[in-house]
Amino acid sequence: SGVERLGDMIAEAKRIVPFTGAGISTECGIPDFRSPGGIWTRNRPIPFDEFVASPEARDESWRRRFAMEEVFAAAKPGRGHRALASLYRAGKVPAIITQNIDNLHQASGVASDHVIELHGNTTYARCIGCGQAYPLDWVKRRFDEEGAAPNCTVCDEPVKTATISFGQTMPEDEMQRATALSQACDLFIAIGSSLVVWPAAGFPMMAKESGARLVIVNREPTEQDDIADLVIRHDIGETLGPFVGN
Ligand code: OAD
Ligand code: ZN
């Protein structure tokens, strides 16, 4: 079966790089983007230039974030996160590349230095001008007091969740580290991503071109199934559950 083959490939590998998307967190109660009921089936994305230009867009963006707070606050790592944390503790996984913003790899016990967040993190906020970090509580309090999204107390530029929106520059250090990891692994496992958003979706391909075996675990077909060595079109929790260890 696919799970047995994956087990063999994991046993043979010395340096495994997992690459995760929203599908690994759906069993934790966080919706993905493109499945039925997904975020982008309900709301249109607010591009970065619109967030910068429009106070209404900023207010809407924060209202959406506050509406999700209970979901994010209650979410616990799922079987997929726990399996990857086990492989990390076993010394097989140097770091995890993720498109996710939910902080669940860190919550599963992977050191934050070893979680490469390509699209940032939604559990805190940052000023888009000077980068000053703010807790979400602070943003919520100011929003409630003023009826509008707050600006930075240091430089007066808008404050945004510490995530990457469409049209926003990718984080340079994370891109470099993800590149180096993709080019120097022997097994690359893409988990729970439709692989349609670039440049993130370039990493599975880059790993394959650099000589790694490529495994894709995803319920639906993805853009890169045709170049994979193994495609497991099945539930992530069930597929990775057997690899949850100590
Ligand atoms: P998508 O919603 O595009 O893809 C998630 C994939 O996971 C889908 O193909 C689902 O079929 C699959 N899936 C969901 N739950 C699953 C489960 N329990 N078992 C197996 N498969 C499951 O999400 P991403 O690929 O992560 O970026 O989206 C990429 C980027 O698009 C995000 O990081 C975000 C978004 O716009 C930005 O906003 C910049
Ligand atoms: Zn600032």
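This is a predicted model: local features need pLDDT of at least 70, side-chain atom pairs count only at pLDDT 80 or more; totals for chains, interfaces and linings use all residues.
Student: Which residues are closest to ligand 1?

Tutor: Arg34, Trp40, His119, Ser193 and Ser194 are the closest of the 23 that surround ligand 1. A residue is counted if one of its heavy atoms lies within 4 Å of the ligand.

Student: What makes the pairing of tryptophan 40 with ligand 1 a polar contact?

Tutor: A polar side-chain atom of tryptophan 40 is 2.8 Å from an oxygen atom of ligand 1. The term asks for a pair of N or O atoms within 3.5 Å (within protein, one must be able to donate a hydrogen and the other to accept it, and residues adjacent in sequence count only if both atoms are side-chain atoms), so this pair qualifies. Histidine 119 also places a side-chain N or O atom 2.8 Å from a ligand oxygen, and for phenylalanine 33 a polar backbone atom is 2.8 Å from one. Ligand 1 taken alone exposes 790 Å², of which the protein buries 95% (Shrake-Rupley method, 1.4 Å probe).

Student: Why is asparagine 100 called buried?

Tutor: Its relative accessible area is 7%. Buried means under 20%, exposed over 50% and partly exposed in between (1.4 Å probe, protein chains only), so asparagine 100 is buried. Asparagine 100 sits in the loop between strand 2 (96-98) and helix 7 (104-107); helices (H or I, at least four residues) and strands (E, at least two) are DSSP runs, numbered from the N terminus. A polar atom of its side chain is 2.9 Å from the backbone oxygen of glycine 21.

Student: How do you know whether serine 108 is buried or exposed?

Tutor: At a relative accessible area of 11%, serine 108 is buried. Its loop runs between helix 7 and strand 3 (115-117). A polar atom of the serine 108 side chain lies 2.7 Å from the backbone oxygen of histidine 105. Beyond four places in sequence, serine 108 is in contact (heavy atoms within 4.5 Å) with Pro77, His81, Ala85 and Arg89.

Student: What makes alanine 180 partly exposed?

Tutor: Alanine 180, in helix 9, has a relative accessible area of 43%, so it falls between the two cut-offs.

Student: What makes the largest nonpolar core a core?

Tutor: The term means a set of buried Ala, Val, Leu, Ile, Met, Phe, Trp, Tyr and Cys residues joined through side-chain atoms within 4.5 Å. The largest such set has 25 residues, and those with the most contacts inside it are Leu6, Ile10, Leu187, Ile189, Ile191 and Val215. Helix 6 gives the largest share, five residues. A second, separate core of 22 residues includes Val17, Met170, Ala207 and Ala228.

Conventions. Residues are numbered from 1 along each chain as its sequence is written. Chains are lettered from A and ligands numbered from 1 in the order in which they are written. Side-chain values use heavy atoms; hydrogens and water are left out.
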